[in-house]
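Please keep the sequence and the model in view while reading.

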Amino acid sequence: MKFVVLTIFPEMFAPFWDHGIIRRAIEKEKIFASTLNIRDFADNRHQVTDDRTYGGGSGMVMKPEPLAAAIRAAEQEMPSAHKVLLTPQGRVFNQKIAHELALYKNLVLVCGRYEGVDERINSELIDDEISIGDYVLTGGELAAMVIIDAVTRQLPGTLGGEDAAKKDSFADGLLEHAHYTRPQVFEDEAVPDILLSGHHEEIENWRLESALMRTLMKRADLLQKKDLNPKEIEILEKWSRRIEDILKSYHRAHGEHREGAEKKS
Ligand code: 4FV
């Protein structure tokens, strides 16, 4: 997979290419990554890439000419590239979109600066607008790195184990289960025995319950929209019965009769 990033700050990417899984993916030629400096396409004496906004008001806007020239140069190199503008206006990035983008051979990522880019760039030269979240950054570069990072992890052979990405948070619509490593006891807290049992089926079951509980506690919205499988339903029903029993005995103990509780409210 090839990433070409259009930016006026290409030097921001050097450390990003040079570390961790991204560095290894480049070394193993799982990805090819490069930058194009939009300034190099500014055919004016001072390579100016921004100008005042029509209609007045503060803030500068990225000029269309250097950007269009840079995008066309990238297209020259990779005619089939999917051209993405990083902008708060875009569809909000998530694991599903990471999967989708990982299917492309070539991605061009356009990083805005200042107040944004001239609107005529979006309509003409951009295939897709993506936002990494509802907040405003000083530039699209960090957003481009987020996308390159999340997409690269989806590519076979970039993570340790073959199926590592399949066990990701959100891969099955759940947050990941709790992880533990040595020491077995840390500050008087021991690793759950089941994880030391070597009983793989029981460990998988514990991990599913851990993932479900964490998702229920931290991101119930994910459970709402998840297509639950029979195993997950069985576990949630087990928990709901337990909670029901606890509430029943509580109300019994406090003389309030649970049945007809609705009448109470
Ligand atoms: C952004 C985001 C973002 C807007 C103006 C760059 C800034 C400046 N990009 N997800 N959120 N971009 O805030 O992707 O040009």
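Helices (H or I, at least four residues) and strands (E, at least two) are DSSP runs, numbered from the N terminus. The model is a predicted one, in which local features need pLDDT of at least 70 and side-chain atom pairs count only at pLDDT 80 or more, while totals for chains, interfaces and linings use all residues. Residues are numbered from 1 along each chain as its sequence is written, and side-chain values use heavy atoms, with hydrogens and water left out.

Two points of the backbone may be considered at the outset. Most residues other than glycine have a negative phi, and most peptide bonds are trans. E29, in the loop between α2 (20–27) and β2 (32–37), has a positive phi of about 55 degrees although it is not a glycine. The peptide bond from R182 to P183 is cis, with omega near 10 degrees; P183 belongs to the loop between α6 (141–154) and β8 (185–186).

The next subject is the largest pocket. A pocket is found on a 1 Å grid over the protein atoms alone, as an open set of points where a 1.4 Å probe fits, with protein on both sides within 12 Å along at least five of seven lines; its lining residues have an atom within 4 Å of a point. The largest pocket holds about 480 Å³ of space, a volume being the space filled by probe spheres set on the points, which are joined across faces, edges and corners. It is lined by 25 residues, and those closest to its centre are L86, T87, P88, E115 and G116. At least two lining residues come from each of β5, α5 (119–125) and β7, and β5 supplies the largest share, five residues.

What sits in the largest pocket? The ligand does, in the sense that more than half of its atoms lie within 2 Å of the grid points. Around the ligand are 18 residues, the closest being R113, Y114, I132, Y135 and L137; a residue counts as near if one of its heavy atoms lies within 4 Å. β5 gives the most to this shell, with three residues.

A polar backbone atom of R113 is 3.1 Å from an oxygen atom of the ligand. Nitrogen atoms of the ligand are involved as well: a backbone N or O atom lies 3.0 Å away in the case of I132 and 3.1 Å away in the case of G133.

Note on methods. A polar contact is a pair of N or O atoms within 3.5 Å; within protein, one must be able to donate a hydrogen and the other to accept it, and residues adjacent in sequence count only if both atoms are side-chain atoms.
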